[in-house]
Amino acid sequence: MPKHVAFIMDGNRRFARKKNMERQEGHMQGFNKLAEVRFFFNSCGEMHAITGHIFTPLNPFCLSHQTLRWCKQLSIPEVTVYAFSIENFKRTKEEVDGLLDLARQKFERLLEERENLEKHGVCIRVLGDLNMLPLDLQQLIAKAVLTTKTNNKCFLNVCFAYTSRYEITNAVREMAWGVEQGLIKASDVSEALLSECLYSNNSPNPDLLIRTSGEVRLSDFLLWQTSHSCLVFQSVLWPEYTFWNLCEAILQYQLNHKSIQKARELHREEQALQQLEADRACVADLLQHQGNGKPADAKRRQEALHLCTASREARVQDFLQALKQKRNHFFSDLYGEAVSAYESQS
């Protein structure tokens, strides 16, 4: 069974046209689709309802609360949704403003449910460049993220003001910042380190990515993270998605599970080999500068390799800790500004 499922919830505006709905009305109904996120348990571990309020996906009808419930019932603890692409800012000002207003409403409702979210261990993460959003919406998102950050039973990752290419570019900037700050060396930069600098660094890569509506493209969503995931494209429009559609997608994953796991294992081995070669190159440079013209024996080379590896790992850990603190400060500062603004109005 997959442990992490990502959704591109497509076909919503086509569904609205099919039902002769106004676009903004369609957006509102899309938000309301996830007006009640229900993750619930009784003492026997059965599902009961707790109400949370999240929001809309790409082409903004929302991930339905039924789908989240289905995932929880199937022991899928993590879900990632494409909520708002950076490309969506190119839509009309009226439409964008309407979507952002709806997001404000739903984040406010989410915050009203913080006790239930904590009780049932629901962690909300928002992935993207929040600086692109209005300040008040940034502050609401920061409150939601910080309020639920210690919850660890189930995870909902909402990609908002997000594209994958922007995420990867930002990860490169973060590594460049680390080099500029003297936290890491340019030689420490690697594929594995870039993965740790992505917005999604706290999550395992998705096992399964589902896109509805019959479109067969990823639309700049999780391009890096899904390189060894099962991709399932289904013709059903998102608002008409059913439990059986989800089961069909999971069956496709299960049928391909062995080949996916094999590809992931081969990739891990390739990464380890690349890192070993990079460390050996570091050793060669070190011994060349320290040597007296004589070749180093095997013992000395092995000692130098251990030293280079340990030094690199220590630098990388210090850099990642600094990066984590920088990101935490971003959310903490937003939250503090929101509290100060509230107190000044009281």
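**Pockets, ring pairs and backbone features of the predicted model**

Ala161 counts as buried, at 0% relative accessibility. Here buried means under 20% relative accessible area, exposed over 50%, and partly exposed in between (1.4 Å probe, protein chains only). The model is predicted, so local features need pLDDT of at least 70 and side-chain atom pairs count only at pLDDT 80 or more, while totals for chains, interfaces and linings use all residues. Residues are numbered from 1 along each chain as its sequence is written, and side-chain values use heavy atoms, with hydrogens and water left out.

Most residues other than glycine have a negative phi. Ala161 has a positive phi of about 55° although it is not a glycine. Ala161 is placed in strand β4 (residues 154-162). Helices (H or I, at least four residues) and strands (E, at least two) are DSSP runs, numbered from the N terminus. Asp220 also has a positive phi, near 65°, and is a residue other than glycine. Asp220 lies in the loop between β5 (208-211) and β6. At 12% relative accessibility, Asp220 counts as buried.

Helix α6 (residues 135-148) has 14 residues. At 1.5 Å a residue, α6 should span 20 Å, and its end C-alpha atoms are 20 Å apart, which agrees. The expected span is 1.5 Å times one less than the number of residues. The buried residues of α6 include Leu137, Leu140, Ile141, Ala144 and Val145. Gln138, Gln139 and Thr148 are also among the buried residues of α6.

Rolling a probe the size of a water molecule over the atoms shows where empty space is left. On a 1 Å grid over the protein atoms alone, a cavity is a set of points where a 1.4 Å probe fits but cannot get out. A pocket is an open set with protein on both sides within 12 Å along at least five of seven lines, and lining residues have an atom within 4 Å of a point. Grid points are joined across faces, edges and corners, and a volume is the space filled by probe spheres set on the points.

The largest pocket holds about 940 Å³ of space. It is lined by 31 residues, of which Asn201, Asn202, Arg327, Asn328 and Phe331 are the closest to its centre. At least two residues of this lining come from each of β3 (122-127), α6, α7 (164-180) and α11 (298-345). Helix α11 gives the largest share, 10 residues. The lining of the largest pocket has 14 nonpolar, 9 polar and 8 charged residues. In these classes, Ala, Val, Leu, Ile, Met, Phe, Trp, Tyr, Cys and Pro count as nonpolar, Asp, Glu, Lys and Arg as charged, and the others, Gly among them, as polar.

The second largest pocket holds about 500 Å³. Of its 19 lining residues, Ser195, Asn205, Trp224, His267 and Gln271 are the closest to its centre. Two or more lining residues come from α8 (191-196) and from α10 (257-290). The classes here are 4 nonpolar, 10 polar and 5 charged.

The whole structure has 2 cavities of 30 Å³ or more. The largest cavity holds about 60 Å³. Its lining includes His4, Thr80, Leu127, Asn157 and Asn205. The lining of the largest cavity has 4 nonpolar, 7 polar and no charged residues.

Aromatic pairs number 13 in the structure. Rings of Phe, Tyr and Trp (its six-membered ring) pair if their centres lie within 6.5 Å; planes under 30 degrees apart count as stacked, over 60 as edge-to-face and the rest as tilted. The rings of Phe7 and Tyr241 have centres 6.5 Å apart and planes at 85°, so this pair is edge-to-face. Phe7 lies in strand β1 (residues 4-8) and Tyr241 in the loop between β6 (230-233) and α9 (243-255), 234 residues apart. Both residues are buried. Phe243 and Trp244 also form an edge-to-face pair, 5.2 Å centre to centre with 75° between the planes. Phe243 is partly exposed, at 24% relative accessible area, whereas Trp244 is exposed, at 66%. Ring pairs also link Tyr82, Tyr162, Tyr199 and Phe221 into a cluster.

Charges over rings complete the picture. A charge sits over a ring if NZ of Lys or CZ of Arg is within 6 Å of the ring centre and within 35 degrees of the ring normal. Lys326 lies over the face of Trp177, at 4.0 Å from the ring centre. Arg173 lies over the face of Tyr166, at 5.7 Å.
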